[in-house]
Amino acid sequence: MWRSLTLLPGTLDAPQGLVPRGLVLAAAVCLLPALFTPLWKMTMFAPQYPDGLELSIYSHKLDSGRGGQDAKEINLLNHYIGMREIATEDFDEFKWMPFMIGGLVILFLRAAVLGRLGHLIDLVALFGYFSLYGMGSFAYKLYAYGHHLDPSAAVKVGPFTPPFFGYKQLANFEVYSYPGPATYALAAAGACLVAALFVAWRRRDVAAVPSQ
Amino acid sequence: MKMSKKSLIQLASVAALLLVAVVFGHCAPSAPQRAKSMTPVSDVAIAAQKTYVAPGDLDEYYLFSSGGHSGQVYVYGVPSMRHLSTIPVFTPYPATGYGFDDDSKKMLGGLTWGDVHHPSLSETKGDYDGRWLFVNEMNGRLARIDLRDFKTKQILGPIPNISGNHASAFVTPNTEYSMMASRFSIPIPKGTAVDVDKYASLYKGVVAGIKIDPQSGTMSLGFEILLPPFDWDLGDAGKLASDGWMFLTAYNSERATGKLEVTSTQRDRDYIAAINWRDAEKAAAEGKGDLIGGVKVLDPAKVPGLVYLMPCGKSPHGVDVSPDGKYVVGSGKLQGVTTVFNFEKIATAIRNKDFTGDEDGIPVLKYESIKDAEVPVGLGPLHTQFGPDGFAYTSLFVDSAIAKWKLGTWEVVDKVPMSYSIGHLCAAEGDTVSPDGKWLVGLNKLSHGRHLPVGPSQPESSQLVDITEEKMKLVYDAFTEPEPHYAQMIKADKVHPIEVYPKEENKHPLAIWDVKDAGLTRSGDKVTVKMVAVRSTLTPTAFEVKQGDTVTVALTNIEQTTDELHGFAILDYNINIVVDPGETKTVTFKVQNAGVFPYYCTNFCSALHQEMQGYLVVKPRG
């Protein structure tokens with residue numbers, strides 16, 4: 001391990017090989033749906049809402065069922081418990097996230113064209129950081145909506161966190177929260193990157209053996 | 001054993017007594033034998049399954065049933081016969097606030113009653129198109145209900161010269177016209193006082209063609225035609241083969257007055273008028289006619305070719321045109337047959353001037369030349385509807401039954417008893433060019449004994465009959481609000497109602513969409529309050545005016561969620577309106593007394609509905 005690390009500076013310039021470059025290209029393509037499809041989807045059912053209320057979070061906007069009417073309904077119901085209105089303006093992410101994804105696409109393409117192992121390592125680190133930050137920030141948003149409740153609300157409920165992943169019963173609502181196509185696409189991009197790194201790293205070992 | 005002479009005589013006497021007892025002792029049966037033999041064999045399980053619509057499931061058809069003198073239209077689902085909705089038309093209806101807000105109050109025009117008779121769904125090429133429903137009422141009025149929101153949009157009339165508008169609102173095959181006619185002829189123009197003994201010559205019947213705008217549905221007077229003072233009773237528009245004609249029945253061709261049940265029933269035949277509405281439209285466009293009561297009235301004596309009279313026995317009530325338009329079925333309520341006229345023969349008789357006389361200059365066609373059949377349907381035939389397979393269904397008031405018979409062969413194939421005294425009947429799309437068959441509803445005048453007792457004021461009955469098979473089967477009894485005269489049944493997928501009024505369509509000048517814009521503006525002693533209703537606050541929650549002010553409250557329900565209606569009622573005032581999601585309504589009133597008057601949401605909306613209240617504060621003047 002230590003030896004590998006000491007050798008690392010030298011191997012950063014090692015070529016990735018065709019398969020990893022192809023995988024990086026695929027990862028770049030996988031980033032594109034993230035610009036157009038929902039990252040996360042929340043669906044809520046109650047006896048009075050048998051068809052459910054739907055809220056979709058994109059990289060750049062909030063969207064909801066019935067032409068945006070569902071979001072209004074969710075906010076209207078939430079005002080009884082003093083929850084802050086879920087509004088596009090509250091999501092700074094919408095400003096930088098599309099830009100960030102675009103930047104990543106360019107970096108991915110750069111790594112695929114130049115084909116150095118070092119670029120690949122940069123990408124894995126950067127992409128991993130981006131993904132974790134995005135999810136963390138989303139989780140915190142959920143936490144904040146459920147915890148920073150107006151004390152003068154008509155209905156007092158204890159602080160709660162809406163489900164981040166899966167199902168939770170909140171009062172009369174069954175709430176389901178699951179990743180959308182964009183998140184799955186990002187996961188696929190991540191998988192491509194890791195696979196590319198794995199193959200390229202193995203190849204580096206193979207390439208390094210004769211030179212020893 | 002040998003019997004004595006004495007005992008033989010005794011035995012003979014007993015036998016004779018027994019014989020006499022058997023012959024004369026026959027007592028009346030406990031139930032009418034005929035009714036017993038006509039009782040339908042209804043397999044309860046099949047009937048239950050056919051009519052059962054499980055919770056959450058939807059019906060196959062809408063039934064729009066006239067509410068008679070309730071002034072309303074009732075909507076039922078078929079086959080469940082569940083009451084779905086009430087559409088107020090000519091009568092205030094506090095449940096939806098109809099007749100309380102400024103617009104609907106104005107539309108009612110001061111009358112708070114109307115006698116709704118014949119719903120007529122709009123048609124395209126002779127088939128229901130699901131756009132509008134027209135209903136008439138006796139005070140010379142016609143209303144249009146928009147099926148986009150099931151709301152009354154226009155009330156036309158009272159139309160000049162029309163008196164007792166019963167023969168209405170039958171529309172033409174492309175909804176070009178609806179019709180109106182006088183059942184109670186009067187001297188015209190209205191306001192003329194002439195003794196009843198001059199009835200035969202100085203009282204006049206009138207038929208009006210009500211023009212309908214093909215885009216907006218807006219109704220206006222198209223033409224009026226002067227008719228003899230008969231009692232113009234029912235109508236139907238010709239279609240396909242007979243397109244361009246309207247048919248209108250009349251009883252009392254005796255021109256009698258007084259005790260009509262005797263005086264108007266002396267002749268064996270009265271009439272069905274065949275009216276060429278296309279020619280009437282043309283004549284009106286050419287400016288023909290005499291000005292009576294402010295409108296041009298065409299006199300058939302001066303404009304020949306507009307009207308012909310078809311003799312029809314006896315005191316005809318309903319007239320119904322077959323799906324292909326070839327037959328005109330007239331039902332004389334005081335006889336045992338229904339008369340079928342052949343339109344081709346009618347056209348030929350008109351061409352050949354095959355007349356037997358005239359009434360006030362209107363030619364009378366020769367009965368024998370135009371009649372195809374007298375179908376022995378049973379006693380008291382009133383109305384006929386049609387199936388998809390050449391069968392016709394005629395209601396029999398006196399027999400209290402429905403007769404099924406075949407067009408062309410004129411053979412009566414089946415009868416089903418109705419409980420009791422059926423008036424109109426309604427088959428699925430049964431008056432269109434393509435009837436569906438399947439279901440038939442008998443709209444009965446009497447229901448006695450077939451429901452839990454509810455005191456002397458009894459409901460009417462509407463009975464569902466399955467007509468999918470050769471034998472008609474009674475499958476369900478429903479007890480409908482008074483009074484189902486006629487009804488029409490339309491396939492549910494032809495009607496596409498909205499669930500909320502889209503915000504962007506609300507062009508009301510006083511509409512507001514943000515509670516920040518709510519509040520009061522004053523101009524002299526006129527006060528306008530723009531108010532917002534949204535769960536669970538009426539904003540403003542209080543407002544103050546001065547005694548003697550005229551206040552207009554404009555309430556906008558800014559919800560866009562299905563079923564989130566909000567009401568607005570002020571205690572001690574005759575104010576109670578309901579505003580649908582996305583709708584704005586105004587109510588204007590004068591504040592007479594000082595004091596504090598609570599207002600609140602009447603239509604239960606949310607968990608905090610009770611809290612949706614406020615105060616009108618009226619300060620004394622001085």
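Predicted model: local features only at pLDDT ≥ 70, side-chain atom pairs only at ≥ 80, totals over all residues.
Residues are numbered from 1 along each chain as its sequence is written, while chains are lettered from A and ligands numbered from 1 in the order in which they are written.

Chain A, then. It has 7 helices and 5 strands. Those are DSSP runs numbered from the N terminus: helices are H or I with at least four residues, strands are E with at least two. The order along the sequence is α-α-α-β-β-β-α-α-α-β-β-α.

Now dimensions. The C-alpha trace of chain A spans about 75 × 35 × 25 Å along its principal axes. Of the 212 residues, 24% count as buried. Buried means 20 or more other C-beta atoms within 10 Å of the residue's own; exposed means 12 or fewer, partly exposed is in between, and C-beta atoms are placed from the backbone.

Next, helix H6 of chain A, residues 117–147. Its 31 residues should span 45 Å at 1.5 Å a residue, and the end C-alpha atoms are 45 Å apart, so the two agree. The expected span is 1.5 Å times one less than the number of residues. Buried in H6(A) are Leu117(A), His119(A), Leu120(A), Leu123(A) and Phe127(A).

Over to chain B. Four strands form an open antiparallel sheet, ordered S23-S24-S25-S26. S23 (381–386) and S26 (412–417) are the edge strands, each pairing on one side only. Pairing takes at least two DSSP bridges between strands. S25 (residues 401–406) and S26(B) are antiparallel over 5 bridges.

Last, backbone details in chain B. Which residues does a cis peptide bond with omega of about -5° join? Arg535(B) and Ser536(B). Ser536(B) lies in the loop between S33 (526–534) and S34 (537–539). Another cis bond joins Thr539(B) and Pro540(B), with omega about 5°.

Two non-glycine residues have positive phi. Leu240(B) is at about 45°; it counts as partly exposed, because it has 16 C-beta neighbours inside 10 Å. Asn252(B) is at about 55°; it counts as buried, because it has 25.
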